[in-house]
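Thank you all for coming.

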Amino acid sequence: LMIRRPPRSTLDRSSAASDVYKRQLIDNKIPYPSQKIFSIDDARELAKWRLPKLVFDFVDGASGNEFLSINNNKAYENIKLEPRVLINVEERSLKTKFLDSEYGLPFGFAPMGMCNLTWPNADTMLAKEAIDNNIPICSSMAASTSLEKIYELSNGLAWFQLYIGQDEDFVLDLLNRAQDCGYKTIILTVDVPILARRSRDNRNGFDIPFRMSIKNFIDFATHPNWSLRTLYHGAPTNMNYVTSKSGKRFVRGESRGKIDWNTLKMLRDKWKGHLIVKGVMNEDDAIKIKNYGVDAIYISNHGGRQLDCAPTSINALPKIRQKVGAKFPLIIDSGIRSGSDILKALALGANFVMIGRPLMYGLGADSHPGLIKILQIIENELSTALGLVGLTDIKYVSRKILSKNLLENIGYG
């Protein structure tokens with residue numbers, strides 16, 4: 001099934017290498033190793049082989065017994081869509097309007113710290129694909145590229161995500177920096193007052209900055225492609241901290257337990273642009289956050305990396321949608337592994353979707369070409385699923401495309 005893609009941004013800063021790669025994709029001449037990627041699972045397996053175990057486990061791991069991360073994915077598998085027939089779906093559009101902006105696709109890049117750990121210059125590659133696809137990229141407070149540089153690289157398509165910990169002055173400095181360079185949207189992540197135990201990271205001795213052990217030395221030595229490239233470009237670090245005038249040092253396990261409703265009020269009073277609150281899973285929290293004047297709520301269980309016995313994000317979505325009303329903007333992540341998953345999330349009440357790990361799998365599997373391949377797979381799957389449920393425009397997605405019998409059986413009725 002051939003799809004007709006929506007017009008892209010007229011600004012094209014893609015590298016010559018990625019342009020050549022895209023032409024090769026059109027001609028079905030895909031260079032190795034991306035020729036082995038036909039799904040997100042393929043990219044995950046390839047990244048697992050190509051990356052040091054310490055790095056792959058940092059990306060792939062979750063908290064506790066990791067059941068929530070698995071259940072996030074399974075929850076989408078339990079949701080079925082109703083195929084429709086004899087409808088002309090030759091022309092289809094995925095263009096989406098969210099928070100007063102027009103985007104080429106109904107999804108963006110979730111905030112992720114230390115992306116350059118997955119592959120050198122990963123942040124640059126993500127920013128270029130944000131431009132090429134006209135979608136937002138969320139610059140993490142813990143990013144390995146400064147917030148100013150990501151804003152520049154993405155031609156202003158970036159949102160800025162932050163935590164508020166013990167040092168409020170440091171956060172206010174980051175807010176001022178974000179405002180000065182042109183950010184219009186910030187995301188306050190509220191679901192990490194305490195960092196949950198992540199057994200894979202503990203087992204591997206993962207920490208920032210790195211502390212080399214014999215085990216890690218062997219791990220890096222047996223993955224020379226990643227190791228030599230990382231050595232050449234330099235080990236990634238948390239650049240928003242390095243570039244701060246406050247001299248604040250990044251501490252991965254720093255407590256953020258003092259954050260409360262007064263913190264949200266303070267931030268809403270200080271930030272005049274769009275404010276999104278991320279990590280919301282409870283409908284009573286959601287309505288209270290809405291009443292504090294935020295512009296959108298971001299439903300997320302942190303990809304299963306925080307409370308390991310929490311509900312899945314997709315299960316929380318319908319309850320929060322019912323509580324905040326039909327018009328209030330909602331974003332969701334955690335468990336998205338295909339284009340049809342995005343369609344399911346939109347049908348259950350999300351206005352926009354964010355993806356995270358699949359991007360890292362693509363980068364780990366084959367650098368920039370792997371990222372491009374993942375995005376093409378997701379877009380193709382989404383456009384195909386849209387047509388197969390009988391729709392021609394993503395704006396027409398509603399609960400009507402969900403399988404009615406199954407919807408009642410799993411409690412969404």
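Proline 52 is found in the loop between α2 (40-50) and α3, where helices (H or I, at least four residues) and strands (E, at least two) are DSSP runs, numbered from the N terminus. Before I go further, please keep in mind that this is a predicted model, in which local features need pLDDT of at least 70 and side-chain atom pairs count only at pLDDT 80 or more, while totals for chains, interfaces and linings use all residues. Residues are numbered from 1 along each chain as its sequence is written, and side-chain values use heavy atoms, with hydrogens and water left out.

Is proline 52 buried or exposed? Proline 52 counts as buried because its relative accessibility is 0%, and the cut-offs are under 20% relative accessible area for buried, over 50% for exposed, and partly exposed in between, with a 1.4 Å probe and protein chains only. Leaving aside neighbours within four places in sequence, proline 52 is in contact (heavy atoms within 4.5 Å) with Asp219, Phe220, His223 and Trp226. Aspartate 219 is 167 residues away from proline 52 along the chain, yet their C-alpha atoms are separated by 5.6 Å. Alanine 221 counts as partly exposed, because its relative accessibility is 49%.

Let us move to asparagine 204, whose place is in helix α8 (residues 199-204). At 5% relative accessibility, asparagine 204 counts as buried, and it touches Lys53, Leu54, Asp57, Lys215 and Asn216, if we do not count residues up to four places away in sequence. With aspartate 57 there is also a polar contact, side chain to side chain, at 2.9 Å; by polar contact I mean a pair of N or O atoms within 3.5 Å, where, within protein, one must be able to donate a hydrogen and the other to accept it, and residues adjacent in sequence count only if both atoms are side-chain atoms. Asparagine 204 and valine 55 are 149 residues apart in sequence, and their C-alpha atoms are 9.3 Å apart in space.

Of the contacts in the protein chain with a separation of 6 or more, 76% are accounted for by residues 24 or more positions apart. Buried residues make up 58% of the 413 residues.

How many cavities of 30 Å³ or more does a search of the whole structure find? The search finds five. On a 1 Å grid over the protein atoms alone, a cavity is a set of points where a 1.4 Å probe fits but cannot get out, and lining residues have an atom within 4 Å of a point; grid points are joined across faces, edges and corners, and a volume is the space filled by probe spheres set on the points.

The largest cavity has a volume of about 730 Å³, and 37 residues line it, with Pro111, Met112, Gly113, His302 and Arg305 lying nearest its centre. Helix α16 gives the most to this lining, with three residues. The lining of the largest cavity divides into 18 nonpolar, eleven polar and eight charged residues, where Ala, Val, Leu, Ile, Met, Phe, Trp, Tyr, Cys and Pro count as nonpolar, Asp, Glu, Lys and Arg as charged, and the others, Gly among them, as polar.

The second largest cavity holds about 70 Å³ of space, and its lining residues include Met112, Ile137 and Cys138. Strand β4 gives the most to this lining, with four residues, and the lining as a whole divides into nine nonpolar, two polar and one charged. Ile137 is also touched by serine 154, as are Ala127 and Ile131. Serine 154 lies in the loop between α6 (147-153) and β5 (158-162) and counts as buried because its relative accessibility is 0%.

Finally, the cysteines. Cysteine 138 is buried, with a relative accessible area of 5%, whereas cysteine 309 is exposed, at 64%. The structure holds zero disulfides, a disulfide being a pair of cysteine sulfur atoms within 2.5 Å.

Technical notes: On a 1 Å grid over the protein atoms alone, a cavity is a set of points where a 1.4 Å probe fits but cannot get out, and a pocket is an open set with protein on both sides within 12 Å along at least five of seven lines; lining residues have an atom within 4 Å of a point.
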